[in-house]
Amino acid sequence: MQSWWLAGSFLFLPGVWAMMGWLGGRAKTSNSRSTIYRVTLWTSGLALLLISSASVLLNGNVISASHGALFKFTTVNSIILPLVMFIAMIILRFSHNYLSAEACYPRFFRWMMLTLTAVSVTLLTNHLVIFLLSWVAISLCLHKLLTLYPERPRAILAAHKKFILARLAELCLLGAFALLYMAHQTLFIDELLTNIGTGSAYLEHTAAVLIALAALIKCAQLPVHGWLIKVVEAPTPVSALLHAGIINLGGYLLILFSPLIEFSAYGRWTLLVIAGISTLLASLILLTRVSVKVRLAWSTSAQMGLMLIECALGLYSLALLHLVAHSLYKAFAFLNSGNAVNEQLQQELSGKLRAPARYWLPAGAFSLAVIAGAFTLFHEQGPIAPWVLLWMGITILMATSAQKSTAVIAAVVLTGCYVLLKTSFGQFFDGQGITFLSAEDVFACLVFINMFVFGLHLRFAHHKPWVQRLSAALFAGLYLDEWFTRSTLRFWPVAKSTLPLKQSQ
C-alpha cells in the first residue's frame, strides 16, 4: 500500500506540471495567470511533502520493483526528484515577480513547466527509449526558454550552439543505448545494469565511452563550454533553472549507469582526462572574470567537471552529494545575483588578508593535521584525491582569513560535515571502484595541485610577467569558444541579423 501511494505521488507530478504549463500558456489575463501560478505552487508543494515524507517513512527503500517496469523508483531518484521540485517552486516564485508583467510570461510558464515535466519523466523512467525521448524533450523545451527574447543576439547564438551540441549528445546516447541493447537484448535499464560484464566487452566499452561523451557535452566541458557562458543573456530564472538543475543531468546519467562506467576503464579515462583538463582551466578562468553571472557560469563548468571526476574515480555517492549541494547553491547564487554589489562591499569590509608567505606553512600544517585525523578516525578508504582537494581548500581558508580562531573552528566543522555527509550518502552505493593512489587517483591529484598552485599565483602574484601573460590568455578563454563558434557557424550558420557585432567572453 505504501509503495502504491508513493508511486501515485510520483506519477501525479509530471501530469500536473504538463497540464499547468498548457493552461498557463493559454491564459489571457493577469488574474488567470496568477491563479494558475498559485495552483501550480501549492500542488508542487503538496507533492513534495508527500514524496519526502514517504521516502522518510520507507527509510530510503522506496520500491523494490520487479525487473521490467517502465517506471521504477529508487533511492537516487527519490532524492533528486524532490530536489528538482523544491528548486522549481523557488524559481516559479521568483519568476512570477520577475516576469509576470512581461508579454513573454505565458510562453515562459508553458515551456518552464514542460521542461520540468520532461525532467521528472527522465528521472523516473526505467526504459531506454523513454529515457532518450524525455532527454530530447528537455533540450527542446529548454531551447524555447533560451530564445525567450529573440532580440538578444548573444542569447540566440548561445541557443544555436546549444542546439547543435544537444543533438550531438543525443546521438551519443542513441549509439550507446543501441549497443547496450545489442549486447543484452533488453531495453530495461535495471536489467541492463544487472548484466553488465556478461555481454560483449567491445560493445559495453564502446557504450561506456559514448555515455561518458554525452555527459561531458551535457555538462559543458571544454571546448564545448561556450554556450553555457553566453546563456547568461537569458532571463535570470532561466539561468537558475539551467545551472541549478538541467546541467546536472550529465552527472545523473553517470550515476544511473555507474555499473557500466565502473566496468569500463576506457569510459573512466575519457571522463577523467577531459573533465580534469576542463576543471583546471575553468577554475582558473573564473578568477579573471568580473561579471557576477559570467563568474557563476564558469564556476558551473568547473563544478560539473569536478562532479565528473568524482564519477570517474568511482565516488558516486560523493557525486550525488555534490549534485544536491551544487543545485541548491547555484539556484540561490543566480536568483541572488542582483545583490552582488552589497556582497562585494561586505567582503571588502570583512578584512580579508593578502595572505603573506608566513601564514601558509602553519595553515597548511594545521589543515593537514585535521584532514589526517579525520581520515584515520573514520577509517576512510578509496581515492586520496578528494582529501587533497579538501586540504587545499581549508589551507586557503585559514591563510586568507583575518579571524584565525574562527578559521580554525571552521576548518574542523567543514571537515566533520564533509565526512558525515559523505558517509551518509555512501550507503546508496556499494564499493568505490578506484583504489588508493591508482593511476586515476594520481591524475586527479595532479589536476588539483595545479589548480592550487596556478590559482594562488593568479590571486597573489599577478605582478609577475608570466602570471600577467597567463591571466590575459585565461581572460580570453584560451580562444576556445571563438574557435568553436566559427566552426559551428561554418557547419550551420544563423541569420546575420541575429549575430552580435562583437564576441566577448
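**Close-up 1. Packing of helix α18 against helix α20 in the predicted model.** Helix α18, which spans residues 385-400, packs with helix α20, which spans residues 439-460, at an angle of about 20°, and the axes of the two helices lie 8 Å apart. Because angles under 35 degrees count as roughly parallel, α18 and α20 are described as roughly parallel to each other. The crossing in which α18 passes α20 is right-handed.

**Close-up 2. Residues at the contact of α18 with α20.** From α18, the residues Ala385, Val388, Leu389, Met392, Thr395, Ile396 and Thr400 take part, and in α20 they meet Asp441, Ala444, Cys445, Phe448, Ile449, Phe452, Leu456, Arg459 and Phe460. By residue class, the contact of α18 with α20 comprises 12 nonpolar, two polar and two charged residues.

**Close-up 3. Setting of Thr288 in the loop between α13 and α14.** Thr288 belongs to the loop that lies between α13 (265-285) and α14 (292-312). The relative accessible area of Thr288 is 13%, and because buried means under 20%, Thr288 is classed as buried. When residues up to four places away in sequence are not counted, Thr288 touches Ser471, Leu474 and Phe475.

**Close-up 4. Polar contacts of the Thr288 side chain.** The side chain of Thr288 reaches the backbone oxygen of Ile285 at 2.6 Å, and the Thr288 side chain also makes a polar contact with the side chain of Arg289, at 3.0 Å.

Note on methods
Residues are numbered from 1 along each chain as its sequence is written. This is a predicted model: local features need pLDDT of at least 70, side-chain atom pairs count only at pLDDT 80 or more; totals for chains, interfaces and linings use all residues. Side-chain values use heavy atoms; hydrogens and water are left out. Helices (H or I, at least four residues) and strands (E, at least two) are DSSP runs, numbered from the N terminus. Buried means under 20% relative accessible area, exposed over 50%, partly exposed in between (1.4 Å probe, protein chains only). A polar contact is a pair of N or O atoms within 3.5 Å; within protein, one must be able to donate a hydrogen and the other to accept it, and residues adjacent in sequence count only if both atoms are side-chain atoms. Contact means heavy atoms within 4.5 Å. Axes are lines fitted to C-alpha atoms, for helices over the stretch in contact, and angles run from 0 to 180 degrees between N-to-C directions. Angles under 35 degrees count as roughly parallel, over 145 as roughly antiparallel, 65 to 115 as roughly perpendicular and the rest as oblique. A crossing is left-handed if the near helix is turned anticlockwise from the far one by less than a right angle, and right-handed if clockwise. Ala, Val, Leu, Ile, Met, Phe, Trp, Tyr, Cys and Pro count as nonpolar, Asp, Glu, Lys and Arg as charged, and the others, Gly among them, as polar.
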